[in-house]
Amino acid sequence: MTTVPHGGWAWQWLGRVRAVVGRRSQALELIGKSTLAAGASWYVAHDLVAAQTPAFAPFAAVLIMQVTVYQSMLQALRYLAAVCAGVFVQAGLGIMAGPGLITFVLVALITLAIGRWRHLGAQGTEVATAAFFAFSAYSASAGMRQSVEQLGQIILLVAIGCTIGVAVNLLLWPPMRYRSAESGIHTLAGDLSDLLADIHPSLREHGFDEERARQWRRRATEIAWLVSQARAALHTAVESRHYNPRRLLPGNSRHKDFSAYRDVIDALERVTHQLASLTRTLHQWPQSEEGNECNRFLRDYADLLEAFADFTRPFSEIDENRLPRQAEELCAAATTVQDKRGRLVDRAQDSSLALNDPSRPYGILLAEATRLTEEAEHSCDMLHHATECNHRTDGTPAGNTA
């Protein structure tokens with residue numbers, strides 16, 4: 001069994017636990033807020049407005065409740081627009097043609113077409129739904145005045161529910177999801193460094209077979225989905241700042257646009273693709289490749305991968321408050337990667353290995369080593385640039401890591 005240095009497996013496990021707990025707490029938070037918004041909407045619609053169909057208000061409040069304040073506002077506007085469109089279409093056709101079957105078919109046709117408008121998003125289906133409820137209320141009304149009142153009441157109740165839902169999400173500890181963005185990066189980088197830490201000892205001892213290499217390849221493929229998960233977490237974190245009063249608090253003011261995190265995810269995604277190509281080459285390693293020069297090449301390559309594992313590991317602990325210090329650590333690790341790659345190339349060129357033969361694995365592995373080294377250098381420069389931009393924006397010295 002390979003021991004992951006610096007307790008990498010423990011950090012990975014803790015990261016996964018935090019991710020699971022975070023998702024559950026987020027779900028519980030939404031349930032609690034939705035319950036409160038639904039109860040308040042029912043009270044206003046039933047007890048204060050004395051509406052005949054008060055359920056429209058809590059339904060709207062629950063429907064527009066989202067993870068972020070921005071999404072709640074967006075969905076509230078879209079839902080209210082969809083309901084208004086459906087009610088107005090039904091009202092117009094109902095007045096002109098009456099509550100007959102032909103009118104209902106025309107209402108369905110027009111509202112379903114309106115619902116395809118992309119700006120309504122997921123709320124597009126609510127155009128037809130609102131129109132059908134409005135048609136039912138219109139058909140059951142005793143006269144024109146009563147039908148108009150009922151249609152207007154539907155819009156009023158939806159507006160009440162949307163307003164209360166947004167207000168609850170805005171005022172009741174609105175979410176700031178920057179820790180989710182950090183957690184996504186931690187998990188992705190931790191899995192990458194753990195895989196590298198599993199590969200390099202086996203290469204150094206030439207102790208891998210086809211089955212072991214197949215496992216590496218499978219793990220590299222599975223890591224790819226963590227990239228999209230990290231991007232989704234980052235998108236939510238950025239979105240959570242919009243219209244959020246908590247961004248004005250001192251503890252949250254440091255988070256701007258998360259540009260450094262976005263660049264980190266881009267870098268880790270490229271590393272993921274390169275690692276997938278590397279493990280594919282190892283999986284296809286010819287059994288005929290052996291000998292002293294082959295073993296020395298694998299040992300040198302193991303040294304490079306060990307250095308790159310040390311380079312990716314700090315990303316699993318990245319913290320926006322400590323970016324300047326972590327950028328220095330990454331640059332030192334990137335220099336080590338460059339040195340190991342130079343030693344690998346020099347010794348491989350001095351050997352009799354067929355580096356230019358595409359049917360042999362050496363040239364492919366050297367190309368991947370070059371890409372990994374370039375990615376380490378690029379990531380170092382990127383973090384330095386992001387750190388300098390953040391400090392210029394904050395007005396703090398670049399060397400201050402407090």
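**Loops, helices and cysteines**

Me: What is the relative accessible area of Ala354?
Reply: Ala354 has a relative accessible area of 22%, so the residue is partly exposed. The cut-offs are: buried under 20% relative accessible area, exposed over 50%, partly exposed in between, with a 1.4 Å probe and protein chains only.

Me: What ground rules apply to the model?
Reply: This is a predicted model, where local features need pLDDT of at least 70, side-chain atom pairs count only at pLDDT 80 or more, and totals for chains, interfaces and linings use all residues. Residues are numbered from 1 along each chain as its sequence is written, and side-chain values use heavy atoms, with hydrogens and water left out.

Me: Back to Ala354. Where is it found?
Reply: In the loop between helix 11 and helix 12. Helices here are DSSP runs of H or I with at least four residues, strands are runs of E with at least two, and numbering starts at the N terminus.

Me: And what does Ala354 touch?
Reply: Arg360 and Tyr362, leaving out residues up to four places away in sequence. Contact means heavy atoms within 4.5 Å.

Me: Zooming out. How many helices and strands are in the protein?
Reply: There are 12 helices and zero strands. Along the sequence the pattern reads α-α-α-α-α-α-α-α-α-α-α-α.

Me: What share of the residues is buried?
Reply: 47% of the 402 residues count as buried.

Me: And the contacts, how far apart in sequence are the partners?
Reply: Take the contacts between residues at least 6 apart in sequence. Of these, 81% join residues at least 24 apart.

Me: Cysteines next. How many disulfides come out?
Reply: The count comes to one disulfide. The rule is a pair of cysteine sulfur atoms within 2.5 Å.

Me: Which cysteines does it join?
Reply: Cys331 and Cys380, with S to S at 1.7 Å. The link of Cys331 and Cys380 is right-handed, with 90° about the S-S bond.

Me: Are Cys331 and Cys380 buried or exposed?
Reply: Both Cys331 and Cys380 are buried.

Me: Helix packing now. At what angle do helix 10 and helix 11 pack?
Reply: Helix 10 (residues 292-312) and helix 11 pack at about 170°, with axes 8 Å apart. Axes are lines fitted to C-alpha atoms, for helices over the stretch in contact, and angles run from 0 to 180 degrees between N-to-C directions.

Me: Roughly parallel or roughly antiparallel?
Reply: Helix 10 and helix 11 are roughly antiparallel. Angles over 145 degrees get that label; under 35 is roughly parallel, 65 to 115 roughly perpendicular, the rest oblique.

Me: What residue classes make up that contact?
Reply: The contact of helix 10 with helix 11 has 12 nonpolar, one polar and eight charged residues. Ala, Val, Leu, Ile, Met, Phe, Trp, Tyr, Cys and Pro count as nonpolar, Asp, Glu, Lys and Arg as charged, and the others, Gly among them, as polar. Helix 10 contributes Arg296, Asp300 and Asp303, among others. Helix 11 contributes residues including Lys340, Arg341 and Arg343.

Me: Next pair. At what angle do helix 3 and helix 6 cross?
Reply: Roughly 175°, and the axes of helix 3 (residues 69-97) and helix 6 (residues 144-171) come within 9 Å. Helix 3 and helix 6 are therefore roughly antiparallel. By class, their contact has 20 nonpolar, three polar and no charged residues.

Me: Which residues does UniProt list for "transmembrane region"?
Reply: The unreviewed UniProt entry lists 49-69, 99-115 and 151-173. UniProt positions follow the numbering used here, feature names are shortened, and annotations may be inferred rather than shown by experiment.

Me: How much helix is in residues 49-69?
Reply: The span is 43% helix and 0% strand, with its end C-alpha atoms 27 Å apart. Residues 99-115 are 82% helix and 0% strand, and the end C-alpha atoms there lie 22 Å apart.

Me: What about the phi of Ala50?
Reply: Positive, about 55°, although Ala50 is not a glycine. Ala50 lies in the loop between helix 1 (8-48) and helix 2 (56-63). The residue is exposed, with a relative accessible area of 53%.

Me: Last one. Which residues is Pro54 in contact with?
Reply: Trp42, Ala45, His46 and Leu157, leaving aside neighbours within four places in sequence. Pro54 is found in the loop between helix 1 and helix 2, and counts as buried at 8% relative accessibility.
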